[in-house]
Amino acid sequence: MPSVIRSSAVSLALGYTALGLIALVLFAAPLWYAWQGTIREGRAEILQADAQRLTDVYRREGLDGLKNFIDARIRMQIAGDRILLLTDAARHALAGNLAAWPDVSATPGDYRIQVDRGNEGIQTLLVHVASLGPYHLLVARDNRLFAPLEKRFWYGLAGAIAVLFFAGLLIGLITRRALMSRVDSIRQTVSAIIHGDLKHRLPTHLSDDELNTLSRTINGMLDQIELLVHGVRNVSNSIAHDLRTPLAELRSRLEELALIRPSSDETFAEIDGAVADVDRVIRIFDALLRLAEIDAGMRRSGFVSVDVADLASSAAEFYSPAAELKNIALSFHSDGPAPVAGDPVLLAQALSNLIDNALKYAPEGGMIGVGVHRRPGAVQIAVTDNGPGVDDAEKAKVVERFYRGDASRGTPGAGLGLSLVQAVAKLHGSALEFSDRTPGLCVALTIPSDAPPPTSTIPGAQSAAEPPGLPSTAATIP
Amino acid sequence: MKILLVEDNERVSQFVIKGLQEAGHTTDHAGNGRDGMFLAASEPYDVIIMDRMLPGDIDGLAIIEVLRKAGKRTPILILSALSEVDDRIRGLRSGGDDYLTKPFAFGELLARLDALHRRAHGVNHEIPLTVGNLHMDPMTRKVSRGDRQITLQPREFKLLEYLMRHADQVVTRTMLLENVWDYHFDPQTNVVDVHISKLRQKIDAEFDRPLLRTVRNAGYMVTAAE
């Protein structure tokens, strides 16, 4: 039972019931007093009229006439609710159905008194006292005349209170039950999720009530968590898969060595191969650690002012002999220094990965463009190639860890290059944008920059010397 | 060279000591921070190899800081399993001269120790460099071999200068990336090799004896030796 009272639904219902009771009392109390006032006034008038009539009889017929009239009145009355008493100046009874003058003043007026009437018990009387010459006249009515009506009023009120209370309790219990069943289903779902089954979702209805809204929000959160967990699982699967290959090679190499025991020259060659296999594994781990480090946002503390144009030009220069080897024209464009707040090591690595990628996909005799351009409030880095490009379905996938497109089969790499560029972009408040060139691909990242845009967009003395349009230094690196 | 190795891992220690011995160096070994600190402070060494994470209450960086405060200038190479860029920066800031992450190739370690040792003896950027009949004047930026002038791109010049300053020493690809291009990451493809072969074209192609040699599994070396 205490748990029922502790239930929020029940206590809420009981609280409302209490409020209802207070409202009922506030409504009934003035009504009661108004009613009682009306009754009292009405009665006082009746008593006064009675007294007047008796006074008239006394004036017309004298004391004896009045006595007879009173006796006749009392004899005639059926209900016995009318009380009359005529006394002399010393308040000794002369006529009437009251034995003695009650405990009330003889001064004319209206009173309310309690009188012990023997076998009829204690009665509350409304009294009118009048003076007839030396005599005192008392006219009274038993107040119980209206008791049944009052009783009905009190019973009605009690009934209303009872209905209100029990209805409140009932509603509380029903609500609690309904609420408990829904909360219980949520609890069960959540505990299923805690035990590892992320497939479960909270039950929802069409309505927009609080629990439903909450359930929908929680379901959204669960979707996101499932996606992330799925992603992590995928990544760890891919890591395991990607590491299997070099590890398998390493293992067979070593096993073969132990089995065949070749000449020392061959043994050394095999050992070199084994070291290279291990290096591949280490390289994958390094890339993953770097990615994790960037994702954790730890590197933001190392942000300094970096000239991206400078970084890009040296990256382009770094790759130009490799491009030359493939007979690819690697060109660099920029419109002057492009300062951003960033991590120079990571930005250089991202640029290097982008150019490296472009080199992998650009055809023999193709071309690669590296561009750094200032946009309002930002610096855009774009690397363009005229390779096979990436179709729309693949665009979202290429940044996934370990994803390798069909075009990359047979080329070296672990499928982490663009993931790193993506992570670096994210760290710098940017995102990777892929757009099609016909043929080819343009990968761009736009990094927010506080530096003012190129001078040509600012009207002023300096821009007069510049030719119209953006000043551009385009150079093909030899 | 007389080298101090402060490293708690037995296997790594043995591997390094053996390798250094084969390369003709004498090595003292300390297995914890306390011994390491004592040896580093009391004995004269050419180079110190310091593991970052050491058992006990004294870690590698603390030892380096104490040594530097005490005025010891011995070049120190930090060895660490922490590969994050910030750790590297922290290591160098504490007074270390170079930073190598585990796992590492022994050739890389040896090449870096040689470079550290040579750097400790001072680099004069103005003295012309000579390897065999290859001459370089860092001041006039002129390069010649025999009686022939060689024209180099600025980056090729920097690459050759670094190689010539470390003549008769193995220089690894990572060292070249860090010192010539200031790249502290692994660019996946063999771009450094392409730069080297381009440089080789310019300085070696028309001569009988190549000066720029590839050292298998390690890197490159400029040498006039047979």
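**Exercise 1. Find what percentage of the 226 residues in chain B is buried.**

Solution. Start with the criterion: a residue is buried if 20 or more other C-beta atoms, placed from the backbone, lie within 10 Å of its own. By this count, 35% of the 226 residues in chain B are buried. Next, take the secondary structure, with helices (H or I, at least four residues) and strands (E, at least two) read as DSSP runs and numbered from the N terminus. Chain B has eight helices and twelve strands. Finally, look at contacts, where two residues count if their C-beta atoms, placed from the backbone, lie within 7 Å. Among contacts in chain B between residues at least 6 apart in sequence, 57% join residues at least 24 apart.

A note before you go on: this is a predicted model, in which local features need pLDDT of at least 70, side-chain atom pairs count only at pLDDT 80 or more, and totals for chains, interfaces and linings use all residues. Residues are numbered from 1 along each chain as its sequence is written, while chains are lettered from A and ligands numbered from 1 in the order in which they are written.

**Exercise 2. Work out the strand order of the open four-stranded sheet in chain B, and which strands stand at its edges.**

Solution. Strands pair if DSSP finds at least two bridges between them. The order is S6-S7-S8-S9, with antiparallel pairing. At the edges are S6 (129–131) and S9 (148–150) of chain B; each has a single partner strand, so one side of each lacks a neighbour in the sheet. Direction ignored, neighbouring strands are turned by 20 degrees against each other on average. Now zoom in on one pair: S7 (residues 134–137) and S8 (residues 142–145) of chain B are joined in the antiparallel sense over four bridges. Here Asp137(B) is opposite Lys142(B) of S8(B).

**Exercise 3. Determine how many of the eleven residues of helix H9 (residues 417–427) of chain A are buried, and what covers them.**

Solution. Ten of the eleven are buried, so that H9(A) is mostly covered. Among them are Leu418(A), Gln422(A) and Val424(A). The cover includes helix H5 (264–295), H7, strand S11 (432–436) and strand S12 (441–448) of chain A. Just after H9(A), look for Gly429(A), which has a positive phi of about 70 degrees.

Take H5(A) next. Its axis comes within 9 Å of that of H9(A), and the two cross at roughly 20 degrees. H5(A) is therefore roughly parallel to H9(A), a label for angles under 35 degrees. On the H5(A) side, the contact includes Ala287(A) and Leu291(A); on the H9(A) side, it includes Leu420(A) and Leu427(A).

**Exercise 4. Describe how H6 (residues 308–325) and H7 (residues 344–361) of chain A pack.**

Solution. Their axes are 9 Å apart, at an angle of about 35 degrees. Residues making the contact include Ala312(A) and Tyr319(A) of H6(A), and Leu351(A) and Ser352(A) of H7(A).

**Exercise 5. Find how many residues each chain brings to the contact between chain A and chain B, and which element of chain A gives the largest share.**

Solution. Chain A brings 22 residues and chain B 19 residues. On the side of chain A, the elements giving two or more residues are H5, H6 and H7. The largest share, seven residues, comes from H6(A).

Note on methods:
Axes are lines fitted to C-alpha atoms, for helices over the stretch in contact, and angles run from 0 to 180 degrees between N-to-C directions. A residue is buried if 20 or more other C-beta atoms lie within 10 Å of its own, exposed if 12 or fewer, and partly exposed in between; C-beta atoms are placed from the backbone. Angles under 35 degrees count as roughly parallel, over 145 as roughly antiparallel, 65 to 115 as roughly perpendicular and the rest as oblique.
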